[in-house]
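Please find below a short note for a colleague who is meeting this structure for the first time. The points are numbered so that each can be checked on its own.

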Amino acid sequence: MTGLTRGSVRPNQWLRNLNAKIASIPMILTALVIFVGGTAWTVVYSFTNSKLLPRLKFVGLDQYERLWEAPRWIISIQNLAVFGFFSLIFSLVIGFVLAALMDQKIRFENTFRTIMLYPFALSFIVTGLVWQWLLNPQYGIQSIVRSLGWESFSFDPLYDSDIVIYGILIAALWQGTGLVMCLMLAGLRGIDEDIWKAARVDGIPMWKTYVLIIIPMMRGVIITTLVIIASGIVKVYDLVVAQTSGGPGIASEVPAKYVYDYMFLAQNLGQGFAASTMMLLTVAIIIVPWAYLEFGGGRKRG
Amino acid sequence: MDNLASKSALKRHEAEDTRIKAGPRGSKPRSALSRRNIIVYGTLILVAVYYLLPLYVMIVTSLKGMPEIRVGNIFAPPLEITFEPWVKAWAEACTGLNCDGLSRGFWNSVRITVPSVLISIAVASVNGYALANWRFKGADLFFTILIIGAFIPYQVMIYPIVIVLREMGVYGTLTGLVIVHTIFGMPILTLLFRNYFAGLPEELFKAARVDGAGFWTIYLKIMLPMSLPIFVVAMILQVTGIWNDFLFGVVFTRPEYYPMTVQLNNIVNSVQGVKEYNVNMAATILTGLVPLTVYFVSGRLFVRGIAAGAVKG
Amino acid sequence: MTSVSVRDLSLSFGAVTVLDKLNLDIDHGEFLVLLGSSGCGKSTLLNCIAGLLDVTDGQIIIHDRNVTWEEPKDRGIGMVFQSYALYPQMSVEKNLSFGLQVARVPQAEIDKRVKRAAEILQIQPLLKRKPSELSGGQRQRVAIGRALVRDVDVFLFDEPLSNLDAKLRSELRVEIKRLHQSLKNTMIYVTHDQIEALTLADRIAVMKSGVIQQLADPMTIYNAPENLFVAGFIGSPSMNFFRGEVEAKEGRSFVRVDGTAFDVTAYPASVPLKPGQKVVLGVRPEHVKVDEARTDEPAHQATVDIEEPMGADNLLWLTLAGQPMSVRIAGKRRYPPGSSVRLSFDMGVASIFDAASENRL
């Protein structure tokens, strides 16, 4: 009785869910052409001697050798290391302390959060320019302190090659710690209230509860925050452009700016590709262990 | 209240450990001026001042005349309020040979932001919906690549994109920049929408299928009306993100299409002429005004957005 | 006449096989309950019938039409979900008519069908409300209405009462039964609740690990479970099991457990019991008599450990043949802990399973 109707035939696998597949074309193109294709392209061309235009003339590791001989690149890397190290430490510590303070069931929590987070809504360009003005030696903080009577006070990071990166660090922390605070606060809020009650019953002092119980429980949040900050650090570009333009001299250069300048201003594409490949490598060193921990051992997230 | 009480009790407990065996001692200290409160609120207020100071300085500087800036200090409120710097920043400030102010950058940014936000959200929401509800073979692989791609420094991908856009004939145009924003907004927005749609009851989707609704009908009639909050979150994320962009603006557009951030930087960091700090600060505020407005109006939703969008770094 | 037929249905996700060559025929107008604990594959099977999951192999035939690869809407089914799955932004009326509008049914016809469904379910006053303004029971009624307006012969229920509280659950249970009696359509109903299964079903399919353990009417399932799993799964508290060995003595058969011999001569075995055979004797708590046996009848001495008075019933926990067992007696007879009792078994309604194959003998 059951003839060979339409419903009895298994449809072509390619046509199944066709609409969903059509809707995913932008994603598939982005993933394959831009992310995979684009990255591979850049890595491949970093082994060529492309100058004004990309050319497939391979020169081995030549570009990388030149890169690591360039004082500007070395300074960029040093700056990134110093900037990265301190912004990780400071933003994590400050962010966590602020979150812990915010978690004390305080009044006006929303107001405080709004104030701490608003810099994050601003462009790095805006942040950079504000702090350029605040750190202006003639009118800014240095002159204020001097006018208060401390004549020999000197805080002139934007014009002092040795400490210029700390001037950028201050601006970056101003913009970014609010976010870290918010992430940490979300982590703290995710912890069961009963933990605090149990700790209280056991008579554990508050600071000990934080150090021994809460922070280990927030491992996931802290690591995720760390990865977010770290991958942001590697990309830092706009802030430097706005605040110092890489100066004084080349004292505050960073890798992302090196890449842009060589690709689009110096017309030395090979150098740009090699430098950006180094950036990719840096990010991979940060991301791969994290992704392995987070997603590797049995998919914890969907 | 419970938590606070427990923590303050912990503190007392710590301080009076030696007398612990003496039994209950008096009522709980709940006065507003307890040492704990002074420390907590004192620190928070100090921090708040630190965060607000740059905004304050920006505003007062922009309202002063240049002579006053040269003699006064940056924290002092203006003796004589002038809006001249604002007018100048908006309509007269020079970048290179052009002296028509930031207004051009503003309108460019509007023309970039509006289509970019709409298109990126439309594309990503349909994408997230397809991933959450219509899983097909291989979808997860592409999605994983997309998420990993969010961590790849943009610098690695910009040159290939320049080539692609040039081949398409849209390099340097607003269209090209809109495409770029759609591409780079995709990982985080897709993640945002996928997680949201996956969090909706699956039975709702099944019921709609039994009712005979297809891919687009379910999206438009069932999912979309249920998801307005997440669309607002995505909107906030994208408006602030795209408005604040600098790198893509500089790389993918011609100078006449430069967005506001790029023009601002060119005005303030131009080497020619006398530095007009008041005009610079007015221009800086003007550029920050759009994201700030979005931020202050949206409140809690912004926090949700950045918590989701933090990957953008 | 067969309404829904499942043939050699297999479903696997990657390496995990959920259903393996499952066969099931459901008659027209039958109320079939798929019963099992979570993860047994009952909901999966229902979703396959609905067309919400692609099967790996096999066929699904509804009304003599092979619908294995049809869209859910083309299968002639209506479905009711556990979470009601009402579209939150639409009024009750819109919820009911959405499917019909998608199918471009003329408005007059839609109105007629919505009106009829609302009448049957007595939800006319709710038509203009949003789902969020309804109680759980009302929501589920609307959800049933959504299946009703589709004018189909097969209703699929996926644990429809699990989200309701106990009182509402029993009310709606009766209502679903009444609906079935008046509509006389085929209903396939998934639940983990044995009371729902026993009260609603014409036939129950007890499932475990993707396999139907027994398919029979409720009384057969309860009184003559096909295997050890079904016996243990149905009934609360569950059946008492005694593992022992068959003995034959003086023309009578016994099951010997730890020195205690149960006389099972009265047991209507379909397969003759062989002496020495390892078996499991199963007796329901209500099939044990306490202090009722005549002195000449076989009886077992035991001591009450715990007494659980439950109003209508009284549940006694005792130890017999070295293992705990429960007995249900009428509520007014009380036995405080420590009481000594004489137990006699009604072997005519007991069950005996082969210890190795776990199948009924």
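1. In this predicted model, the largest nonpolar core holds 273 residues, and A283(B), I49(C), L156(C), I188(C) and L281(C) are those that touch the most other members. A nonpolar core is here a set of buried Ala, Val, Leu, Ile, Met, Phe, Trp, Tyr and Cys residues joined through C-beta atoms within 7 Å. A residue is buried if 20 or more other C-beta atoms lie within 10 Å of its own, exposed if 12 or fewer, and partly exposed in between, with C-beta atoms placed from the backbone. Leaving aside residues up to four places away in sequence, A283(B) touches A89(B), A93(B), L102(B), L264(B), I267(B) and V268(B), where contact requires C-beta atoms, placed from the backbone, within 7 Å.

2. On conventions, residues are numbered from 1 along each chain as its sequence is written, while chains are lettered from A and ligands numbered from 1 in the order in which they are written. Because the model is predicted, local features need pLDDT of at least 70 and side-chain atom pairs count only at pLDDT 80 or more, whereas totals for chains, interfaces and linings use all residues.

3. Between chains A and B, 82 residues of chain A are in contact with 78 residues of chain B. Helix 2 (residues 25-45) of chain A gives the most to the chain A side, with 13 residues; helices (H or I, at least four residues) and strands (E, at least two) are DSSP runs, numbered from the N terminus. By class, that side has 55 nonpolar, 20 polar and seven charged residues, with Ala, Val, Leu, Ile, Met, Phe, Trp, Tyr, Cys and Pro counted as nonpolar, Asp, Glu, Lys and Arg as charged, and the others, Gly among them, as polar.

4. Elsewhere in chain A, helix 6 (residues 124-134) is largely enclosed by the rest of the structure, because eleven of its eleven residues are buried; among them are F124(A), W131(A) and W133(A).

5. Chain B is divided into domain 1 (1-10 + 31-82) and domain 2 (103-312), with bounds that come from an automatic or database domain assignment. The C-alpha centres of these domains of chain B lie 33 Å apart, and eight residues of domain 1 are in contact with seven residues of domain 2. Helix 2 of chain B supplies the largest share of the domain 1 side, four residues.

6. Chain C has eight helices and 20 strands, and 42% of its 361 residues count as buried. Its C-alpha trace spans about 80 × 45 × 35 Å along its principal axes.

Methods:
Contact = placed C-beta atoms within 7 Å.
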